[in-house]
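Here is a short walk through one model, meant to be read with the structure open beside it.

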Amino acid sequence: MQKPQIFIAKPIPSEVREYLEQHATCTFWEKETPVPRQELREHVAQVEGLLTAGGKITSELLDAAPKLRVVSTMSVGYNHFDIPAFRKRGVIGTHTPGVLNDTVADLVMAMMLTAGRRISELDRYVKDGHWQRGDNESLFGLDIHHKILGIIGMGGIGKAVAKRAKFGFDMSILYHNRHRNPEVEQEFCASYCSLDELLQQSDLIVLMTPLTEETRHLIGAQQFAKMKKTAIFINASRGQTVDEQALIQALQTKQIYAAGLDVFEQEPVDRDNPLLSMPNVITLPHIGSATETTRDQMAMLAAQNLIAALQGLTPPNLIPELRS
Ligand code: 8YV
């Protein structure tokens, strides 16, 4: 049987390369910079399978790809896929849930601690030579242990955060989700509540919901107004789930205490974005899953999804909205 042609739009580890080469005729994009749009269009026009990571897969791109049967993204989020266009053309879409949960949850905990104990601000303070005898009280932060944590979006990553918070930091867990989850209620003594209740009662708020039309700007001025003045707000989902102007205002007017952000409405973030000059805001370049081990696992899973689908099997991680 002839091997299918595939295009891999992102550098991948050698074991994943070898795996793909066993099953397909591969064209690899070797550069770290994203494939320019026109080149991507030319490549997808030739292939049955595409392995990607974040560039938009639009209906216009699918139109340029008459042979394309499968698009596999090396990410859990798939908001860069035009799902109705996939459905209309019968193109299979897959993603990589699960393998990144612990790595992203670790980063969420790091952001909570960094924001609460002002770690990046005070690291700068020492390095810039401002530390003086007797200035200790002005350096106080907030505890995170024993606090109330509100998790918005209780999927795999939300659960990994709840586990750390409950068993590592003895926090009480509130959560808000599309569906109630009796398992997490039992495992982490988590309480399900409305979004408003969660915002009002939580000391730490972690936004982990996928980006959809329903969750775009889920957190805006009204929601920040409900939070405690001592609240720490963490976003490790997608920048567009938050109205960034409202977040900036909430921080400028001290409506909330601090924020930890791994994602922004525009990425890379504009250099004049006011968030970058706020000492109580942690700004990270979308590195939730960015460890070598986890990215390797994501690449392998994306490759396995792609090959399974091309072989006519049900891929392990079909995008939920594309399941028949
Ligand atoms: C990265 C992510 O954007 O998995 C996701 O949805 O946001 C991140 O892990 C992505 O995997 C980059 O390759």
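## Ground rules

Two strands pair if DSSP finds at least two bridges between them. Helices (H or I, at least four residues) and strands (E, at least two) are DSSP runs, numbered from the N terminus.

Keep in mind that this is a predicted model: local features need pLDDT of at least 70, side-chain atom pairs count only at pLDDT 80 or more, and totals for chains, interfaces and linings use all residues. Residues are numbered from 1 along each chain as its sequence is written.

## The sheet

Seven strands make up an open sheet with parallel pairing, in the order β8-β7-β6-β9-β10-β11-β12. β8 (191-192) and β12 sit at the edges with a single partner strand each, so one side of each has no neighbour in the sheet.

Now for the pairs. β6 (residues 148-152) runs parallel to β7, joined by 5 bridges, and Ile 152 stands opposite His 176 in β7. β7 (residues 172-176) is mostly covered, with 4 of its 5 residues buried (buried means 20 or more other C-beta atoms within 10 Å of a residue's own, exposed means 12 or fewer, and partly exposed is in between; C-beta atoms are placed from the backbone). Further along, 4 bridges link β9 (residues 204-207) with β10 (residues 232-235), also parallel, and Val 206 has Ile 234 of β10 as its bridge partner.

Which residues of α11 are buried? In this helix (residues 244-252) they are Glu 244, Leu 247, Ala 250 and Leu 251. They span an arc of only 115 degrees around the axis (taken from the directions from the helix axis to the C-beta atoms), which puts them on the same side of α11. Their cover includes α10 (221-226), β11 (258-261) and β12 (281-283). Just after the helix, Lys 254 adopts a positive phi of about 60 degrees.

Leu 275 lies in the loop between β11 and β12. It counts as partly exposed because it has 17 C-beta neighbours inside 10 Å. Setting aside neighbours within four places in sequence, Leu 275 is in contact with Ile 248, Leu 261, Val 281 and Thr 283 (contact means C-beta atoms, placed from the backbone, within 7 Å).

Definitions and conventions:
Two residues are in contact if their C-beta atoms, placed from the backbone, lie within 7 Å.
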